[in-house]
Amino acid sequence: MRGLSGIGKTATVLHALKLVGAGSSAVRVVRPCSPRPSAHDLENRRRIDLSAWSHPDHPEHGSDFDAAGFLRAVSAWAADGGTGPRVLFVDDVGVLTAERARWLQHLADEAYGQDWRVIAAVRSIAVEPLSDDVEVLELGPLDRGSLRRVLDMELSVPVAADVVEHLRWWSAGNPRLALELAGSLSAAELRGDASWTGPDTVGSAARRAYRAMLAGLDPATMTALAAVHLGGVAVARRDGRSTVRHPLLSLLCREARGADGHADGHEAYVVDRGVTGPGTAASILDGLHLDELPARPWAVVAASPDPRLAARAVGVSLMTGRAWADHRDGPLTPDGVGPEWTDHLWWRDPVGVDGEARAAGARVAVTLLRLEDTGDLPDPSGLRADLRLIGATPGQDWVGVDIQVRALLMLGDVAGARSLLADHSGASSGSTVAEIVARDLAAARVAAFDGRAIDVRAHLAHAAELRPSVDEWLPARGLRASADAVVDGTVPASTMPAQAGSWSARALGEYAADLGAAHLVVGQAEGAVALLTIALEHCAWPYRGRVQVRCDLVEAVMASSPPGQVGPRTQRLLEPPVAPEERSAADVAAAYSRLGALLADDGTPSATFEAALHAPPAPMSPWQRVRMLVAYGRYAVTRGGRATGTAMLDEARTLVRLAGMAGWLRGIDVFLAEADASGGTDPEWEVLGRHEREMVRLAVHGATNSQIAQATFVSERTVVNRLRRAYATLGIRDRRDLVRLAETRPPAWLVSG
């Protein structure tokens, strides 16, 4: 096994030995080329000193090396170790010189006769060719995925994807060097919250790994490397037989020559005390290195002559949901920081964008920034028209696209949001970290609106891999909570947002809406009522749309309260009208139909639900059909229609399994268990048809069969037959039981009649 120091030779061999069943029978020899070698089991729990079999002048100089005695000592010591392949792992041989090669060959020949096999780990091979019975395995650098797994296993901080790539380049894929470099970084640098481009000095692991290589460089080459820019290093060894490419070699040469200078070849920038240059701040925002921003970035934006920097600061604040500072006296009017700053919020290069679209962009920016403070929207139709003007233009920045997508969704225009994503999917996206994260957040919001929870998790995972801090943003926390509830039935662990108090009113409202939806999925209706009420009070226009959030709130109230009891606080939140354009999309129209069925007060909610379920304005998605079935089932069971409600819930069970929304199963089970505990055998009031209901109502109020026949225009015999069927459906015997049941557990339609 050949490879640089720190490349993982020992770990690889030990892992392989355990995989083939040699974990208890293999022996590892350490310090074999020193005067005091020793043997260990693979767990390092037992040790034997082998210095008696080592020549005083090191084994490469001892032709009288007693290999047989060496192996007998190891065999006797390992006899109680267990069963399996007998492997002697000679670790850390270093450079395999001709003398060491002969020593190992002698040991291997003797080992073969005693049924042992020998593995040796060397940094390099100085003698060629080796014996024909020697097989050399070259251990090369780790790829990006393997190095990330090593870092995740060894570090307690999640590492940003581009930081992993930096570590991989600087370490040349050597895991020990990468871990040494990572150990010198702060948590913010590892997570990508603060920028890091490379080390200034070389650590001890790199000095050990490259000491032989450094010793092989002539003075002229070393001087040249000490001055080289670290965009890439390629050096030929003096023997001419190999080429080395490694950036740390330049730093090693600088240390050896006593040279000064930064490793990345650039001047360090200063962010302390709020002093940040325009170019540096723009770079920080593009990289989402938010920890490097001053305490009041709005002040930096206001003082900056760079309109692009002002736009990026506003865009990042809208994307993350952070309320960084009171900006009402800051640069939020279209002419506050140069006349073009709002142009850069939407377009990479606003040259060529017509004046009408640019004016619309300025109005949208101001409208959405005011929404951050108030949570309300004074002119939705004007915002809708301006978004159409902006969306049709080419060359858009993904941070701006994400902001537009959220605005379209809150207006109920999911078709427009999907179209915007599709239109710009082929653009030159991904040029900055901010744009890549923005693209994933936009796609996650659309997927959440559509009920594609698995896609939500995939987009959030991609964004968090690039910037782990995304997981702490309030918008991402809410999206993840609702997606986890739908996919796995995961109950939200806490309602306490990270960095409480630093989020805008809009972000807090949307977070509460997402969390409320998650509680509703898993059957915690009372918690959902509280969260959804808070959501609409803080932000009347959440990205989920007013229709869907209101429908969730009504459904939660119906599932957690006695029939017909909607509190005045909740009722007030449901009073504002919903414009037709807000429910033009098929799924939003389906949610609006469900809302109407839940609030039906004509005594015939079953008929209203049946119409919404079987004759929607347009075909609804599986997500909305599940919502309809669950709402219908809960409604029916709560009001005594156990058979009808259970049938709807059973159909929902089947559909959620097929559609990857198994989290709903938990909520259904919780609801039915609570219904059984509170009601036991509720009468099947909702199963009764319209004519049977009318006869039951008259009978409960004291009408005779003859009076009922006259009132309903049927024969008295028909009245008797229909009442008998009603008694059988309700599980009672006669009219006295009917009156008693109506007094103790009346349905809503009987009370209202």
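Let me start with residue classes: Ala, Val, Leu, Ile, Met, Phe, Trp, Tyr, Cys and Pro count as nonpolar, Asp, Glu, Lys and Arg as charged, and the others, Gly among them, as polar. With those classes, the lining of the largest cavity has 14 nonpolar, three polar and four charged residues.

Before I go on, the housekeeping. This is a predicted model, where local features need pLDDT of at least 70 and side-chain atom pairs count only at pLDDT 80 or more, while totals for chains, interfaces and linings use all residues. Numbering runs from 1 along each chain as its sequence is written, and side-chain values use heavy atoms, with hydrogens and water left out.

Back to the cavities. On a 1 Å grid over the protein atoms alone, a cavity is a set of points where a 1.4 Å probe fits but cannot get out, and lining residues have an atom within 4 Å of a point. Points are joined across faces, edges and corners, and the volume is the space filled by probe spheres set on them. How many cavities of 30 Å³ or more does the structure hold? Seven. The largest cavity has about 200 Å³ of space. Its lining comes to 21 residues, and A448, S482, V486, R544 and W623 are the ones that lie nearest the centre. The elements giving two or more residues to that lining are α19 (433-450), α20 (453-466), α21 (474-488), α22 (505-521), α24 (546-560) and α28 (622-638). Those element names come from DSSP runs, numbered from the N terminus: helices are H or I with at least four residues, strands are E with at least two.

Of its 753 residues, 51% count as buried, where buried means under 20% relative accessible area, exposed over 50%, and partly exposed in between, with a 1.4 Å probe and protein chains only. Contact here means heavy atoms within 4.5 Å. Among contacts between residues at least 6 apart in sequence, 69% join residues at least 24 apart.

D397 lies between α16 (380-391) and α17 (398-410). Is D397 buried or exposed? Buried, because its relative accessibility is 5%. Its side chain makes a polar contact of 3.3 Å with the side chain of R312; a polar contact is a pair of N or O atoms within 3.5 Å, and within protein one must be able to donate a hydrogen and the other to accept it, with residues adjacent in sequence counting only if both atoms are side-chain atoms. Not counting residues up to four places away in sequence, D397 touches R312, W346, W347, R348 and E435.

The other one, D193, sits in the loop between α7 (187-191) and α8 (204-215). D193 counts as buried too, at 7% relative accessibility. Here the side-chain partner is S469, in a polar contact of 2.5 Å. Beyond four places in sequence, the contacts of D193 include L288, H289, L290, D291 and E292.

Next, helix packing. In α4 (residues 144-154), S146, L147, R148, V150 and L151 are buried, and the buried residues of α4 pack against α5 (161-171), α6 (175-183) and α20.

Toward the other end of the chain, have a look at L738 in α34 (residues 735-744). L738 counts as buried because its relative accessibility is 0%. V696 and A699 are among the buried residues of α31 (residues 690-700). After α31 comes G702, with a positive phi near 100 degrees.

Speaking of phi, most residues other than glycine have a negative one. D92 counts as exposed, at 51% relative accessibility. F713 also has a positive phi, near 60 degrees. F713 is in the loop between α32 (705-712) and α33 (716-730), and it is exposed, with a relative accessible area of 76%.

Definitions and conventions
1 Å grid on protein atoms, 1.4 Å probe; cavity = no way out; pocket = protein on both sides within 12 Å on 5 of 7 lines; lining within 4 Å.
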